[in-house]
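Me: I would like to understand the words used for a protein structure, and how a value is set against a definition before a word is applied. Could we go through some examples together?

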There are 2 protein chains.
Amino acid sequence: MKHEQRPNFAVIGTRPPRFDAAEKATGQARFGPDTDLPRLLHGKVLRSPHAHARILSIDTRRAAAYPGVYAVITAADLPANASLASGEGEVDTGLKYRCDNTLAGDKVLYAGHPIAAVAASDPHTAEQAVRLIEVEYERLPAVMDVLDAMREDAPLLHENLRTRSLAGTSETPSNVASHSQFLKGDPERGFAEADVIVERAFRTATVHHNYLEPHATTATWGPDGVLTVYPTTQGAFGCRDQIARLLCYPMSKIRVVPTEVGGAFGGKSTSYLDSLAALLSRKAGRPVKMVMTRAETLLGTGPTPGTAIRVKIGARADGRITAAQAELCYEAGAYPGATLWGGMGVVLAAYDIPHGQIDGYDVVVNKPKTVTYRAPGATPPVFAVEQVVDELAEKVGMDPIAFRLLNRAREGTRRVNGSTHSSVSSREVLEAVQAHPHYSAASGGPHRGRGVAYGHWGNHGGVSSCTLGINPDGTVSLVTGSVDVSGTRTSLAMQAAETLGLPLDRIRPSVGDTDSVGYTQASVGSRTTVSTGMAVATAAREAIAQMRARAAALWDLPPEAVSYRMGTFAAKQDDSLQMTFAELAAQLPRTGGAITAVGNVNVREVGGSFGAHIVDVEVDPETGKVTILRYTAVQDVGRAVHPGEVEGQMQGAVVQGIGWALYEGYAYDEQGELLNPTLLDYKLPTALDVPSIETVIVEVPYPKHLYGVRGVGETPIMPPPAAIANAIYRAVGVRVYELPMTPGRILQAMGVI
Amino acid sequence: MKHEQRPNFAVIGTRPPRFDAAEKATGQARFGPDTDLPRLLHGKVLRSPHAHARILSIDTRRAAAYPGVYAVITAADLPANASLASGEGEVDTGLKYRCDNTLAGDKVLYAGHPIAAVAASDPHTAEQAVRLIEVEYERLPAVMDVLDAMREDAPLLHENLRTRSLAGTSETPSNVASHSQFLKGDPERGFAEADVIVERAFRTATVHHNYLEPHATTATWGPDGVLTVYPTTQGAFGCRDQIARLLCYPMSKIRVVPTEVGGAFGGKSTSYLDSLAALLSRKAGRPVKMVMTRAETLLGTGPTPGTAIRVKIGARADGRITAAQAELCYEAGAYPGATLWGGMGVVLAAYDIPHGQIDGYDVVVNKPKTVTYRAPGATPPVFAVEQVVDELAEKVGMDPIAFRLLNRAREGTRRVNGSTHSSVSSREVLEAVQAHPHYSAASGGPHRGRGVAYGHWGNHGGVSSCTLGINPDGTVSLVTGSVDVSGTRTSLAMQAAETLGLPLDRIRPSVGDTDSVGYTQASVGSRTTVSTGMAVATAAREAIAQMRARAAALWDLPPEAVSYRMGTFAAKQDDSLQMTFAELAAQLPRTGGAITAVGNVNVREVGGSFGAHIVDVEVDPETGKVTILRYTAVQDVGRAVHPGEVEGQMQGAVVQGIGWALYEGYAYDEQGELLNPTLLDYKLPTALDVPSIETVIVEVPYPKHLYGVRGVGETPIMPPPAAIANAIYRAVGVRVYELPMTPGRILQAMGVI
């Protein structure tokens, strides 16, 4: 489906094989754990068994003396701790939290909290030595739930944490790190104008990305003081930033060489092991590799916030929304900074809300520090709002898509957070749903139902760099600063080929290390194909401009007298003067030297992306089991550079959304011990649980991107839980307000149990 | 000694520790043989035992079937051979020779000529398998000496090789690949004007660089078709070029990652093993490492040409040279292309020759294909000319330095090869010799003598690239395309620091791979500190320009209203607006994106370098043993970026020149078998043979280089053999016209034996 006549692109819009396909298909791609270096040591981490405890003492002597052990470190070895201790003036709380989360200081705040690390000749020796570290704890009561943690009598995680809000900073300590608020218009008046009001309370679970590859890193601290790190990360530069801060070490002496990444989804922007491996390597004088187990990944790295959300929306009898109110309570985990910003940004963003209020609470609990996960913070509020909207549509007697078309955000709509929508494709997306055969197909049979949900994600731009080198044989080496977590080597090379007017096989893209390319933010926020694409296009245009100047010099013409089109330079006024890209490339070194064009961008404006999903489910009324019968995802992607990759992003996100909807969640006991730290106990959707996901690509080109590209990967994780909840309602007449919507909860809602 | 007032440099001219010092001092630097990769195989080469033979058959079946063997290749596997065979029109002879030298086709042309290669699980298995390859030879008579090879009845190496000369191409095949000639004025008339004429014939031996580290490479051919090679090389891009040609493979799919280099001196610009390892890796589907033994390095890689040189110079009684003639016969080794151009360029270059003629012959013999070695081709003719000049000075009764001062090349002197001298420092260098205490010290005692010699090397410029990235903490990552064979990371970082106005510790230089930086020619021709230095200065100036623009934007000023000096940006009209480099660096990503400045240059004009040496020797009249008592090297280096490194270059070159003078040379038997393929039998100067070399740095800045830098490393290898020969003459009254000047040859000249 195309909403705009496709321009005559040669490369963009085609489906070439991915550059990383062969290596990955044959098992030869080198992921984080595959790094091997001579004299490699192996590191392991001692983690807290307790969710909340004071550390009275740590004795590492037996571990250090254990044969085969080369180094042991604790929080005392972290240079930033020394720097914080010696610092004058205000303490950098963010850095202190980061230190404490890397290696616990005086307290452990979650089961899995790192306390010490060991480097040894092999992983088993390191594990054995970790067990020899003696820690004396004073156990403290744990608080595992956001609403419990907000109570005045809750156990406090941080004795100095005070609530920041518009009203200032609270006098007494609290687990609530902040209370934020957006207000538009007069919600009270808006609700007064409403004929129907629906207000519901929702809960969502703590879930984890569960990327296939666990966290892994290898660090080697050279005698010249250069630290080289090979992490599995979404961003080499961000990783370097974090290491530099924790180690108080100059960035120029830290070289981060990213490996292939076996899944990330936002979870590999945080550096956990890298500084530990670096310090162990410095102490041991040898390279150190550290690889987490699955349990360590679940226990010791950031999941999403569990949330408690309350949504209230009012509408007139004609369906027009008059007011909306949302309260978002987010578990930050052990340290402040839940992805509340994502939730508050998304919760009412897809609609035109005349009067609205959003309140957000960032609350610490005794769980791992949460991190970003694909559309960070956004899936829970969409689960909430899209059910309330569905109820409202039903109450006013409207088709759910028609209701959304009526109330959708449009060009110029001012959001509750004060920003204004632009380049909006809500109509195109919703109409694509209406027009899709799935939407009008018979839903067929008892206990079956169809649900829809809809959402908007703003996407991110940011800082990207690339270097584009013209080789003497006319091939092109493209180095980008963006780690490839989703096939972006291919989508970036395609934009280079399109801009250069060359076939794709002339381009070889690769991911640079922090020495070889300019500062580039991590591959997050659906930004890589968009922003690094802009960097690539900038560099490609610059390369052509330089090449035109060289051709002009060879022909003794001014640069503007030379044209370039699809691989051929030509003198505008003289047909006999022509040169192919490859012919000119061969002459570059000997004319003015090589041409390496750099693209450095900070993209401030990007196109948001609307998505709407249709799902058919069947609910087994006896067991509560939900079967997904059919699933269709519709999304505006601006321009699909590589439609196959776009479809893959949409399908992958829907599968993860299905996991949130039906299966996933951390289960803790009362003491805060995680009961399901393995993939046997933590249920993920498998191929048996998921039908083939149909995709519909809508293309409303974003006018400020050279190729109209919008971010793709995040929007499609938001609608599935809500769409499935709405489908369950249509199937069995009950609504479930808590994720995951397990068979037990469905049977409870149905009154069966 | 300074010939010009030193400008007020902050970094240039200081002696900081080298960036590579700690890694190398602690043995942790990774040289070619240190590469290790998972599943690594080891390759070995089958080499010809014969100096000249036709290959009747090669049977690799037993080797291929040997347990632990993964791949065997012969010339038939070289893609360029297939391409040449299928090619239409004229055959690319250069490529054909390169193919044949990589893996012999129908003939072997020297003992050590590669015939096949094997990859196996370990080096010993590979060696064993190599022995199982059965080759049937038809032996042919070998020709080992340039003058023998030039005879009409000499055995022919190449049946199709014909002599190219100004007169055209010869009708009959010959071992003489070319005869070149430079002519200036009328030599006959010049000699007629002479009062004294000296004409002598000289021979010089085939010598090898004998870098400490043998040739080594590791290649891994990924399933995505990307070939990554980790060679010990002087130039990553040149290595890539050679691989691309031999494998007919696109450059973009070849990534060359240079290792540290354990000595090169021109011998590691040629790729021997890389294409073999690549093909073995492709066949085996695993990485393959190949490391030569010392014997393989001597037998199978390029030494210098052995030469026969005749020099005739005439002078008036007042000492003024009237004419000069030189005939240079150079052994190319098995394939045409001796470093004759270097010899012809240098032979008469240091003098003002009114009438001159230079004839050069490039002659194939059954020795390994020769390659460049520090001032390629230049040491033999300087050995010849500087003895003849010494004789002339004596005959006209002049001090040898005064004679050279009289006849020295000056600004504007037209050379015999037609080029014109510019930025000449011959006077400064010769006067520095005259003024040096060594020159006027008593030479003391019987059988002792003092010699001088002098020479000029033009140096090379060429194509260089670098990328200079500003890190957010104000440090700078400098990636250059130049492999560091002589401490150039330090000399380049110093030029970056000087240009950026920053302390050196803010810069971290590294050597890029072929993906991460622009095309850069190899580290040869004393070009790296000069030309890559220009690239670095270009990039640094560009970075500052971009940063000024950013500061201006932050202050809402035009860029020209912002000044930069020694680490501080300031508004010219407003004292209150100041920002340090680091403060601005922190703001770069979030303003217009990163700043990565590229420097791409093709340096066409560089400053040549004059050098003059003084040596005192003692000759044992009974054994002929020469002891070097004192050695002083004087040289103009334009500007010593790092005087310690400059002194090291001068001292190292003198030691190598002493080796040429007294010890080194390939010894062959009549069948062309090398008798001394080990460092036990091939004598190199040791610490016991060499006194501390005194150095005098003369600085006549080269005006077209930003910092006045001239090349350093090559000039000082040229004078030692001649200076020592002249000293021997002063010590014992005889001249030796053949290198090396062994005790036997000295005793022979003395009539003792």
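Me: Where is Asn210(A) found?

Reply: In this predicted model, Asn210(A) sits in the loop between β10 (196-204) and β11 of chain A. Its phi is near 50 degrees, which is a positive value in a residue other than glycine.

Me: Why is Asn210(A) called buried?

Reply: The word buried is used for a relative accessible area under 20%, and Asn210(A) has a relative accessibility of 8%, so it counts as buried.

Me: What makes Ser526(A) buried, and where in chain A is Ser526(A) found?

Reply: The relative accessible area of Ser526(A) is 16%, and because the cut-off is under 20%, this residue too is buried. Ser526(A) is in the loop between β21 (507-511) and α17 (528-555) of chain A, and its phi is near 50 degrees, again a positive value in a residue other than glycine.

Me: How do you know that β11 and β12 of chain A pair?

Reply: Two strands pair if at least two bridges are found between them, and five bridges join strand β11 (residues 216-221) to β12(A), so the two count as paired, and they run antiparallel. As one example, Thr218(A) stands opposite Tyr230(A) in β12(A). The two strands form a hairpin with five residues between them, and in the turn Gly225(A) has a positive phi of about 85 degrees.

Me: What makes β12 and β13 of chain A a pair?

Reply: Three bridges join β12(A) to strand β13 (residues 254-256), and since at least two are needed, these strands pair as well, running parallel. Here Thr228(A) stands opposite Arg255(A) in β13(A). Between these strands the chain crosses through helix α8 (residues 236-247), and this β-α-β crossover is right-handed.

Me: Why is strand β12 of chain A described as mostly covered?

Reply: Strand β12 (residues 227-231) has five residues, and four of them are buried.

Me: Why is the relation between chain A and chain B called a two-fold axis?

Reply: A rotation of 180 degrees, with 0.0 Å of shift along its axis, superposes chain A on chain B with an RMSD of 0.0 Å, and that is the relation of a two-fold axis. In chain A the C-alpha nearest the axis belongs to Ser516(A), 2.6 Å from it.

Me: How do you know that the copies meet through the same surface?

Reply: Of the interface residues of chain A, 100% are also interface residues in chain B, so the copies meet through the same surface. In this interface 54 residues of chain A are in contact with 54 residues of chain B, and the two chains bury about 4,200 Å² between them, 53% of it on carbon and sulfur atoms. Pro223(A), Ser252(A) and Arg508(A) supply 15% of the area that chain A buries against chain B, more than any other three residues.

Me: What makes the meeting of Asp515(A) and Arg508(B) a salt bridge?

Reply: The definition asks for a side-chain nitrogen of Lys or Arg within 4 Å of a carboxyl oxygen of Asp or Glu, and because N and O are 2.7 Å apart here, the pair of Asp515(A) and Arg508(B) qualifies.

Me: Why can Arg735(A) and Glu391(A) be said to tie together separate parts of the chain?

Reply: Their side chains meet in a salt bridge of 3.8 Å, N to O. Arg735(A) lies in the loop between α20 (719-732) and α21 (743-749) of chain A and Glu391(A) in helix α12, so the pair ties together parts that are 344 residues apart in sequence. Both Arg735(A) and Glu391(A) are buried.

Methods:
Residues are numbered from 1 along each chain as its sequence is written. Chains are lettered from A and ligands numbered from 1 in the order in which they are written. This is a predicted model: local features need pLDDT of at least 70, side-chain atom pairs count only at pLDDT 80 or more; totals for chains, interfaces and linings use all residues. Side-chain values use heavy atoms; hydrogens and water are left out. Buried means under 20% relative accessible area, exposed over 50%, partly exposed in between (1.4 Å probe, protein chains only). Helices (H or I, at least four residues) and strands (E, at least two) are DSSP runs, numbered from the N terminus. A crossover is right-handed if, with the strands pointing away from the viewer, the path from the first strand over the helix to the second runs clockwise. Copies are superposed by least squares on the C-alpha atoms of residues with pLDDT of at least 70 in both. Contact means heavy atoms within 4.5 Å. Buried area is the accessible area (1.4 Å probe) that two parts lose on being put together, summed over both.
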